[in-house]
Amino acid sequence: MSSSLTDESTSSHALRDARGTPVLLAERLCKQVKSGERALTILKDLSLSVAQGESVAILGKSGAGKSTLLGLLAGLDTPSDGELSLFGHSLSQLDEDGRAALRAGRVGFVFQNFQLLPTLSALENVLLPLELSTHAGETQTAQRWLGRVGLEERVGHLPKQLSGGEQQRVAIARAFVTDPELVFADEPTGNLDPDTGAQVIDLLFTLNREAHTTLILVTHDHALARRCDRCLRLEGGQLVPFEPAQAAQGGGDE
């Protein structure tokens with residue numbers, strides 16, 4: 001179904017959801033994919049409500065469907081069944097362009113493999129969300145965010161000229177540069193050594209706290225999950241409350 005959003009609904013700052021109103025609401029989500037001649041059920045009757053400013057960790061074993069769930073919650077993929085709303089908008093009523101318009105300026109992403117464009121400098125990578133939203137061309141804003149993540153001397157460097165930790169810092173600056181209401185992080189320390197990962201996570205939570213951003217974090221790391229307000233575990237295609245074990249950084253599900 002083709003649909004468009006008004007300027008008011010796509011603006012990242014025109015209206016903020018009232019405290020207590022779900023930023024994200026998933027009801028009875030199901031996801032099936034073809035596996036040979038049969039359908040494989042990844043998610044089944046999954047429900048989730050996330051309030052503004054809340055940080056939620058989603059744990060689960062490898063192959064449990066964590067990244068699939070994150071893609072659905074962000075509107076990057078569509079469920080086989082169920083209802084999902086983001087900022088009060090039903091995603092089933094929006095086509096791909098409509099979902100992208102809803103996310104623009106309001107949603108940030110941090111990925112395990114950084115997903116920086118290799119031919120763009122650190123500054124140009126951080127500028128991308130600004131150019132796709134209503135903040136086009138705000139070079140000073142991008143420079144300021146690179147400074148906040150400690151990379152003010154690396155603005156002209158390409159990703160291949162940066163360490164893994166520096167690349168993830170660029171990705172974090174890119175995620176926060178539009179002052180988003182919601183940030184999705186998918187195994188943000190998965191490609192980093194423990195010490196670098198700990199520094200990146202400290203930075204992520206500091207920026208998230210300062211900006212009062214809603215955070216949905218997918219991880220296998222119990223120590224990381226414990227830093228969130230609420231922890232859930234994906235088991236059998238559904239989310240269940242979970243209390244992560246006390247563990248050293250890097251410990252958790254495989």
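Predicted model: local features only at pLDDT ≥ 70, side-chain atom pairs only at ≥ 80, totals over all residues.

Reader: What's the strand order in the open sheet of 4 strands?

Author: The order is β2-β1-β4-β5, and the pairing is antiparallel.

Reader: Which strands stand at the edges?

Author: β2 (38-51) and β5 (89-90). Each has a single partner strand, so one side of each is left without a neighbour in the sheet.

Reader: And what packs on the sheet?

Author: Helix α2, residues 66-73. Helix α2 touches β1 (22-35), β2 and β4. Its direction makes about 60° with that of β2.

Reader: Back to β5. How many bridges between β4 and β5?

Author: 2 bridges, in the antiparallel sense, with β4 spanning residues 81-86.

Reader: New topic. Which residues of α5 are buried?

Author: Thr-141, Ala-142, Trp-145 and Leu-146, in a helix that covers 139-148. Down the axis of α5, the buried residues fall within an arc of 135°, so they line one face of the helix.

Reader: What happens just after α5?

Author: Gly-150 takes a positive phi there, about 80°.

Reader: Now Thr-213. Where is it?

Author: Thr-213 sits in the loop between α7 (194-211) and β8 (214-218).

Reader: Is Thr-213 buried or exposed?

Author: Buried. Its relative accessible area is 1%, and the cut-off for buried is under 20%.

Reader: What is Thr-213 in contact with, leaving aside neighbours within four places in sequence?

Author: Gly-53, Glu-54, Phe-176, Pro-180, Glu-181, Leu-182, Val-183 and Asn-208.

Note on methods: Residues numbered from 1 in each chain as written. Heavy atoms only, no water. Buried < 20%, exposed > 50% of the residue type's maximum accessible area, 1.4 Å probe, protein only. Arc of directions from axis to C-beta. Contact = heavy atoms within 4.5 Å. Pairing = 2+ DSSP bridges. Axes fitted to C-alpha atoms, helices over the stretch in contact; angles between N-to-C directions.
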